[in-house]
Amino acid sequence: MASLVSHEWLLRHLHDENTRILDCRFWLGDPAKGASLYREDHIPGAVYMDLERDLSGPVGEHGGRHPLPSAAQAADVFSRAGIDDTTTVIAYDDQDGAMAARCWWLLRYLGHARAYVLDGNYSEWKRKGNPVTRAISAVPPRRFQPRPDRSWLATVEDVRAAVRDRAAVLIDSREWKRYAGLEEPIDRRAGRIPGAVHRFWKDGVTEGGYWKSAVEQAARFADFDRGQPLIVYCGSGVTACPNVLALHEAGYHNVRLYVGSFSDWISYPNHPIETGDPSSDA
């Protein structure tokens, strides 16, 4: 099932009654920036989605820095955004698809199959001369019916099983320095979940936030069997989502997101971590 739409496709469907556009721009180091930029200009008709208020649940002892929202919370957010079973949803951002992919994953997890990510950053949309506006449209609410599909979600118990008996392949989506434990700018411990392999999420996109082709994505994951269970994580369950999407584009469907990711894993004091280069004999 394809998960991307082009700028050209969106331009043709910009004013369709059953198309809903979600602006997911968000900067972790400046949480107010995305909403501020949205107020300056956005794709006509777009509704703003805040990563921390709308696409995450409240932070607690466990669950990571961007926990999974409850089905009720998410249903309220998406209902107010005018989304129901008949709505085709297009999410975009200006961060190479990371925030938009989190929105896409949440919708797919909640059973909304008609969710897509815009192929190419918002800056590219503007550069091409496509329409933008400052006007914030009033969106009539619709009834979003959540139908959580657990096949999209890995729990901490699933990850423990993967560590203990290799029940699934763990894929770390962070940059190499964080995976190897050489650097940790956000979380209080450095390293990775034991046994995890490394696939940096940004290797799936090109300049301008355009996604690599399905063939190119398949080459990134060629050493994984399409039938084996895959669990993807990052620091807090956001930048892992582009890898989940890329895997689906490449024909892998036994793919789950560990939403809490490394920030949840290290919230349990007894959980082990690994550091260093696993390919090295040192």
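**Exercise 1. How many aromatic pairs does the rule for ring centres give, and what does one of them look like?**

Start with the count: it comes to nine aromatic pairs, where rings of Phe, Tyr and Trp (its six-membered ring) pair if their centres lie within 6.5 Å, with planes under 30 degrees apart called stacked, over 60 edge-to-face and the rest tilted. Now look at Phe200 and Trp201, an edge-to-face pair with 6.4 Å from centre to centre and 75° between the planes.

A quick word on the ground rules. This is a predicted model, in which local features need pLDDT of at least 70 and side-chain atom pairs count only at pLDDT 80 or more, while totals for chains, interfaces and linings use all residues. Residues are numbered from 1 along each chain as its sequence is written, and side-chain values use heavy atoms, with hydrogens and water left out.

**Exercise 2. Describe the pair made by Phe221 and Phe224.**

First, the geometry: this pair is stacked, at 6.2 Å centre to centre with 25° between the planes. Next, the cover: Phe221 is buried because its relative accessibility is 0%, and Phe224 is buried too, at 8%. Finally, bring in Tyr252, which forms one aromatic cluster with Phe221 and Phe224.

**Exercise 3. Find two charges that sit over rings.**

Here the test is that NZ of Lys or CZ of Arg is within 6 Å of the ring centre and within 35 degrees of the ring normal. Lys33 lies over the face of Trp27, 4.4 Å from the ring centre. Over at Phe262, the charged end of Arg174 sits above the ring, 4.5 Å from its centre.

**Exercise 4. Work out the surroundings of His7.**

Step two: with a relative accessible area of 1%, His7 is buried. Step three: look along the chain to Gly120, 113 residues away in sequence yet 7.3 Å away in space, C-alpha to C-alpha. Step four: check Lys128, whose side chain is joined to that of His7 by a polar contact of 3.0 Å (a pair of N or O atoms within 3.5 Å; within protein, one must be able to donate a hydrogen and the other to accept it, and residues adjacent in sequence count only if both atoms are side-chain atoms).

Notes: Buried < 20%, exposed > 50% of the residue type's maximum accessible area, 1.4 Å probe, protein only.
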